[in-house]
Amino acid sequence: MINRLLKFKFIYSSITIFFASSKTENFPLWIHAFNSLILTDIQEIEILSKKYSTVPVIVGHMEGSNWLETIGIIKRNPNMYLDTSASFSTLALKIVIKELPDKVIEKQ
């Protein structure tokens, strides 16, 4: 029951944030995703990104352990980007940069 309530709160909060961004200046949304979210959470963010297609969405930290699946999600959505400020390995980083050359936000 508590997990369902937390999931509802996450989805409701996400919808509110996406809606607010779309009604203002379409401010980019950076979402912390290194091991705090699971793949189904990223898939729900993809649904919201499609609904609010003018809102730029940055998935932080290469989405942790689901980075490979996240590449496909980022590729499918023109308003989604991937932050590389954390990664499991240099190989993962190399693959992400090769697969998403125009959608990677690199750590400076």
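Trainee: How many aromatic pairs does the count come to here?

Mentor: The count is one aromatic pair. The rule is that rings of Phe, Tyr and Trp (its six-membered ring) pair if their centres lie within 6.5 Å; planes under 30 degrees apart count as stacked, over 60 as edge-to-face and the rest as tilted. Bear in mind that this is a predicted model, in which local features need pLDDT of at least 70 and side-chain atom pairs count only at pLDDT 80 or more, while totals for chains, interfaces and linings use all residues. Residues are numbered from 1 along each chain as its sequence is written, and side-chain values use heavy atoms, with hydrogens and water left out.

Trainee: What parts of the chain does the pair link?

Mentor: Distant ones: phenylalanine 18 is in helix α1 (residues 2-23) and tyrosine 52 in the loop between α2 (39-51) and β2 (57-59), 34 residues apart. Helices (H or I, at least four residues) and strands (E, at least two) are DSSP runs, numbered from the N terminus. Their order along the protein chain is α-β-α-β-α-β-α-β.

Trainee: How do you know that the charged end of lysine 103 sits over the ring of tyrosine 81?

Mentor: A charge sits over a ring if NZ of Lys or CZ of Arg is within 6 Å of the ring centre and within 35 degrees of the ring normal. For lysine 103 the distance to the centre of the tyrosine 81 ring is 5.5 Å, and the charged end does sit over that ring.

Trainee: What makes β3 and β4 a pair of strands?

Mentor: Two strands pair if DSSP finds at least two bridges between them. Strand β3 (residues 80-83) is joined to β4 by two bridges, and the strands run parallel. Aspartate 83 has isoleucine 105 as its bridge partner in β4. The open sheet has the order β1-β2-β3-β4. β1 (29-31) and β4 (104-105) each have a single partner strand, so they stand at the edges.

Trainee: Why is glutamate 46 called buried?

Mentor: Buried means under 20% relative accessible area, exposed over 50%, partly exposed in between (1.4 Å probe, protein chains only). Glutamate 46 has 7%, which is under 20%, so this residue counts as buried. The residue belongs to helix α2. Not counting residues up to four places away in sequence, glutamate 46 touches Ile73, Arg76, Asn77 and Met80; such a contact means heavy atoms within 4.5 Å.

Trainee: Which residues of α3 are buried?

Mentor: In α3 they are Trp67, Thr70, Ile71, Ile73 and Ile74. Their cover includes α2, β2, β3 and α4.

Trainee: Which residues touch the most other members of the largest nonpolar core?

Mentor: Ile45 and Val96, out of 23 residues in that core. A nonpolar core is a set of buried Ala, Val, Leu, Ile, Met, Phe, Trp, Tyr and Cys residues joined through side-chain atoms within 4.5 Å. Helix α3 gives the largest share of this core, four residues. In soluble globular proteins, nonpolar side chains tend to be buried together.
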